[in-house]
Amino acid sequence: MAWALKLPLTDEVIESGLAQDFDASLSGIGQELGAGAYSMSDVLALPIFKQEESNLPPDTENKILPFQYVLCAATSPAVKLHDETLTYLNQGQSYEIRMLDNRKIGELPEITGKMVKSIIRVVFHDRRLQYTEHQQLEGWRWNRPGDRILDLDIPMSIGIIDPRANPTQLNTVEFLWDPSKRTSVFIQVHCISTEFTMRKHGGEKGVPFRIQIDTFKENESGEYTEHLHSASCQVKVFKPKGADRKQKTDREKMEKRAPQEKEKYQPSYETTILTECSPWPEVTYVNNSPSPGFNSTHNNFPVAEGNGSPTHQPEPVVQVADNLLPTATPQDAQQWLHRNRFSPFCRLFTNFSGADLLKLTREDVIQICGPADGIRLFNALKGRVVRPRLTIYVCQESQQSREQQQKHENGDAATNTFFIYHAIYLEELTAAELTEKIAQLFNISSRQINQIFKQGPTGIHVIVSDEMIQNFQDEVCFVLDTMKDDTNDGYHIILK
């Protein structure tokens, strides 16, 4: 502060002094920031610059990707440079995704002339919601019974084969396609972003979703399990026409900004290119109705001549619930927490054995983990299973007929006959779900079942519709009979 006591100086003297001080302050910078002290690669290696690369598989920066997926929807102009694009979609509207073959000549020759399988998912973008994805989807299913989060618009789609939507996986669809042919799939997203916000008082921002596509090729067993490529993009879903209004609002806001500010934002592109990402991990929670796999050869539906029934097939493998046992060691308990998506709480329960965790009360778990994850962990510890909406029991008619005939031949007509029934659990209460469950029960393709009838009064055959299934009594019993369709190779199922 000594210079403040000097007499006033002329402007020229002040400027020359400042210039000298400034030159002196710059001296030595080149020596301090020499190549031996700092390098740009070291700076770019910091975690803050690695966030965007963390989702990509290694060694893919310069690699030409085998496939490219293009969502035909405009990106938002209100996204800053170097940030991921954001696309607005209307609820229930069909949007085209172009499946493009980007291979060079001679690349991946093993899939030339063959089909590949692609799985499309709508998943959460926020990590917080990813941890509780299963519970979020189950809550959505409860509030919107019979609806799906993601659907295929099959009449609009081009080049897709054997499209499937598992009734128990509301946010997933899959199909086969030939990379050498033009392929476009149209999807519809039926959930909106504000349905998953924490507080709903009106005017809140909706959570972003991700549309992810994973593509697989056949392995030696004819199953589509070998991963080829994955890509995804960020979207927000609005009520009908809401995406158009949001896009217009963003465009008007950008037009009002100064030219220098506009340079900090991306332009709006007419289409959205999905960027490469890691494949979606396998589902870790127990699913009572696994998605049917794709095979190059389908199982036959053996039926006797005339009115018969499917030949008995081995029971489908039932997945065993991953229950934590009291004898589990702390290491086993840690693995169980990881498998059931409780990884954020592993450090809290580092020294807990299975017995220690099982002794926790509901209030203890909620206090430790919070309400949402606490209830989920408590239910997982107690092995609670959600009760299906409808349970029906079915038995093959040919089995009944054989046992009755054997009893009659042995003169045991008065003896009680013992029949074996199979349980079918329904969640969607639709004819399509019942068809799929019957096909899974007898280990056949659902495409071989043309129609399901229920035998009514005087022996008439009534078509089983969604409304009829919704009026079935719980734990009702049916005898299954089959009738060959004269018009094709399919069969009709008759519930008696």
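User: In this predicted model, how do helix 11 and helix 12 pack, and what is the angle?

Analyst: Helix 11 (residues 362-369) packs on helix 12 (residues 371-381) at about 140°. Their axes are 7 Å apart.

User: Which hand does the crossing have?

Analyst: The crossing of helix 11 with helix 12 is right-handed.

User: Which residues make the contact?

Analyst: Helix 11 supplies R362, V365, I366 and C369. Helix 12 supplies P371, D373, G374, I375, L377 and F378.

User: What makes up that contact by class?

Analyst: Seven residues are nonpolar, one is polar and two are charged. Gly counts as polar, Asp and Arg as charged.

User: Where is Q188, and how do you know whether it is buried or exposed?

Analyst: Q188 is in strand 8 (residues 183-189). Its relative accessibility is 16%. Buried means under 20%. Q188 therefore counts as buried.

User: What does the side chain of Q188 make a polar contact with?

Analyst: The partner is the side chain of S94, at 2.9 Å. The limit for such a pair of N or O atoms is 3.5 Å, so the 2.9 Å distance is within it.

User: Which residues is Q188 in contact with, leaving aside neighbours within four places in sequence?

Analyst: Q188 is in contact with G92, Q93 and S94, and also with I149, L150, D151 and D153.

User: Why is I273 called partly exposed?

Analyst: The relative accessible area of I273 is 45%. Buried is under 20% and exposed is over 50%. The value lies in between, so I273 is partly exposed. This residue is found in strand 11 (residues 272-273).

User: How far apart are I273 and Y69 in sequence and in space?

Analyst: They are 204 residues apart in sequence. Their C-alpha atoms are 6.2 Å apart. I273 touches Y69, along with Q68 and V70.

User: What percentage of contacts in the protein chain join residues at least 24 apart?

Analyst: Among contacts between residues at least 6 apart in sequence, the share is 71%.

User: How many helices and strands does the protein chain have, and what percentage of residues count as buried?

Analyst: The protein chain has 15 helices and 18 strands. Of its 496 residues, 39% count as buried.

Definitions and conventions:
Residues numbered from 1 in each chain as written. Predicted model: local features only at pLDDT ≥ 70, side-chain atom pairs only at ≥ 80, totals over all residues. Heavy atoms only, no water. Helix = DSSP H or I, 4+ residues; strand = E, 2+ residues; numbered from the N terminus. Buried < 20%, exposed > 50% of the residue type's maximum accessible area, 1.4 Å probe, protein only. Polar contact = N/O pair within 3.5 Å; in protein donor to acceptor, adjacent residues only side chain to side chain. Contact = heavy atoms within 4.5 Å. Axes fitted to C-alpha atoms, helices over the stretch in contact; angles between N-to-C directions. Left-handed = near helix turned anticlockwise from the far one by under 90°.
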